[in-house]
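Hi everyone, thanks for coming. I'd like to walk you through one structure today, going from its loops to its helices and then its sheets.

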Number of protein chains: 2
Amino acid sequence: MSRKAAGPEIEELIALLGRMPGLGPRSARRAALHLIKKREQLMRPLAAAMAEAAEKIVACAECGNLDTISPCTICQDARRDASLICVVEEIGDLWALERAGVISGHYHVLGGTLSPLDGIGPDDLTIGKLVERARQPGVTEVLLAFNATIEGQSTAHYISAELENAGITISRLAHGVPVGGELDYLDEGTLAAAIKSRRPL
Amino acid sequence: MSRKAAGPEIEELIALLGRMPGLGPRSARRAALHLIKKREQLMRPLAAAMAEAAEKIVACAECGNLDTISPCTICQDARRDASLICVVEEIGDLWALERAGVISGHYHVLGGTLSPLDGIGPDDLTIGKLVERARQPGVTEVLLAFNATIEGQSTAHYISAELENAGITISRLAHGVPVGGELDYLDEGTLAAAIKSRRPL
């Protein structure tokens with residue numbers, strides 16, 4: 001005689017919350033209870049923020065970033081260095097680099113990595129658009145800021161071959177010891193890379 | 001030169017998501033990206049469900065359950081056994097018992113447990129209302145379905161003393177081996193309780 005614990009409105013809320021990444025059925029129920037308890041401080045503002053984002057947010061036609069305008073704020077920013085395009089796999093990577101404030105140039109969101117086994121080829125990513133942007137006058141460097149994974153590295157190889165004749169510098173992120181990292185906990189590949197790329201003090 | 005990664009609409013969404021239980025700053029960003037990607041399938045329906053819940057959900061004046069009506073669906077259900085009141089600490093516990101479909105009677109949500117160190121006394125819980133309900137004609141049993149914690153047990157003792165002269169049965173949940181549980185992993189207290197309350201086969 002299993003019954004629904006709450007009314008259809010709450011069940012619907014729990015079901016939708018459970019489809020968010022990081023929330024399972026149990027934590028979705030806890031989240032729903034929390035939202036109902038914090039109705040004015042959290043549930044109403046969050047509902048409004050979601051509705052507004054659903055209405056306003058668009059993908060930048062130039063770089064693929066998310067913003068309320070297209071081209072996005074970054075692409076339109078004249079103070080940014082138009083000679084550098086930093087290519088990332090996903091928008092989350094763009095956000096991470098922006099938080100660090102380490103990229104003075106523009107971005108290009110690829111939308112993933114090449115993955116023949118999953119049927120993801122060059123046409124499923126924005127590689128064509130990247131090649132087009134990289135050939136525009138004024139662009140001198142394309143920095144491939146991909147994850148240090150097999151997929152990231154093979155995608156980087158593919159793109160660097162595509163851009164071989166563009167007459168621009170293709171660069172990648174350095175490998176090495178993470179700042180604050182302890183040698184004892186690092187894998188051999190990272191240690192080997194850090195030794196190989198050692199710098200004079 | 002740390003900058004905001006995204007526009008103010010997305011930042012607001014991330015900040016609000018980060019205040020949900022189970023989502024930290026990093027997972028809030030991932031959740032925001034996921035919502036934007038699943039705009040029509042998830043973000044709009046979730047925003048609508050939250051707005052609707054914020055508008056409609058009320059606490060039942062009788063038992064404290066959450067519903068769109070007060071008294072709630074359970075309190076109004078004539079097929080339920082009005083002689084039994086099952087007292088729980090929180091609404092999440094009520095939901096758990098309803099999912100299991102094991103309570104034929106009504107509920108009473110206490111709103112927490114007595115905790116003198118945190119300044120939570122009887123007047124901060126719905127104990128007065130419970131005593132009033134328990135003395136209504138037709139009520140024969142109050143089942144204290146509290147967590148098997150110090151706080152739950154001391155609250156149960158306090159309530160059973162309050163109801164001592166009401167002429168009704170006060171019961172608590174059985175202790176023992178959880179169904180599917182392995183003895184090897186159980187604590188001594190549970191094993192002792194399971195032995196003490198052993199039943200003939």
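**A walk through the model**

Let's begin with a proline: B:Pro71 sits in the loop between strand E2 (66-67) and helix H4 (73-76) of chain B. A word on names: helices (H or I, at least four residues) and strands (E, at least two) are DSSP runs, numbered from the N terminus.

Before going further, the ground rules. This is a predicted model, where local features need pLDDT of at least 70, side-chain atom pairs count only at pLDDT 80 or more, and totals for chains, interfaces and linings use all residues. Residues are numbered from 1 along each chain as its sequence is written, chains are lettered from A and ligands numbered from 1 in the order in which they are written, and side-chain values use heavy atoms, with hydrogens and water left out.

Back to that proline. What kind of peptide bond joins B:Ser70 and B:Pro71? It is a cis bond, with omega about 0°. In chain A, A:Ser70 and A:Pro71 are also joined by a cis peptide bond, with omega about 0°, and A:Pro71 lies in the loop between strand E2 (66-67) and helix H4 (73-76) of chain A. As background, most peptide bonds are trans.

Now the layout of chain A. It is divided into domain 1 (1-41) and domain 2 (81-172); these bounds come from an automatic or database domain assignment. The C-alpha centres of the two domains lie 39 Å apart.

On to helix packing. Two packed helices are described by the angle between their axes and the distance between the axes. Here axes are lines fitted to C-alpha atoms, for helices over the stretch in contact, and angles run from 0 to 180 degrees between N-to-C directions.

Take helix H1 (residues 8-17) and helix H2 (residues 25-37) of chain A: their axes come within 8 Å and cross at roughly 125°. H1(A) and H2(A) are therefore oblique to each other. The scheme is that angles under 35 degrees count as roughly parallel, over 145 as roughly antiparallel, 65 to 115 as roughly perpendicular and the rest as oblique. Which residues of H1(A) meet H2(A)? They are A:Ile10, A:Leu13, A:Ile14 and A:Leu17, and their partners in H2(A) include A:Ala28, A:Arg29 and A:Leu35. Contact means heavy atoms within 4.5 Å.

A:His34, A:Leu35, A:Ile36 and A:Lys37 in H2(A) meet residues of H3(A), among them A:Gln41 and A:Leu46.

Next we cross between the chains. Helix H3 (residues 39-56) of chain A and helix H3 (residues 39-56) of chain B have axes that come within 9 Å and cross at roughly 150°. H3(A) and H3(B) are therefore roughly antiparallel to each other. A:Met43, A:Ala47 and A:Met50 are among the H3(A) residues in this contact, and B:Met43, B:Ala47 and B:Met50 are among those of H3(B). The contact divides into 14 nonpolar, no polar and six charged residues.

Finally, the sheets. In chain A, four strands form an open sheet in the order E4-E3-E5-E6, with parallel pairing. Strand E4 (105-109) and strand E6 (169-172) of chain A stand at the edges with a single partner strand each, so one side of each has no neighbour in the sheet. Two strands pair if DSSP finds at least two bridges between them. Strand E3 (residues 81-88) and strand E5 (residues 141-144) of chain A run parallel and are joined by four bridges, and A:Ile85 stands opposite A:Val142 in E5(A). Helix H5 (residues 91-100) of chain A lies across E3 and E4 of chain A, at about 160° to E4(A).

Chain B has an open sheet of four strands too, in the order E4-E3-E5-E6 with parallel pairing. The twist averages 25° from one strand to the next. Which residue in E4(B) is the bridge partner of B:Cys86? B:Tyr107. Helix H6 (residues 127-134) of chain B lies across E3, E4 and strand E5 (141-144) of chain B, running at about 155° to E4(B).

How values were computed
Nonpolar A, V, L, I, M, F, W, Y, C, P; charged D, E, K, R; others polar.
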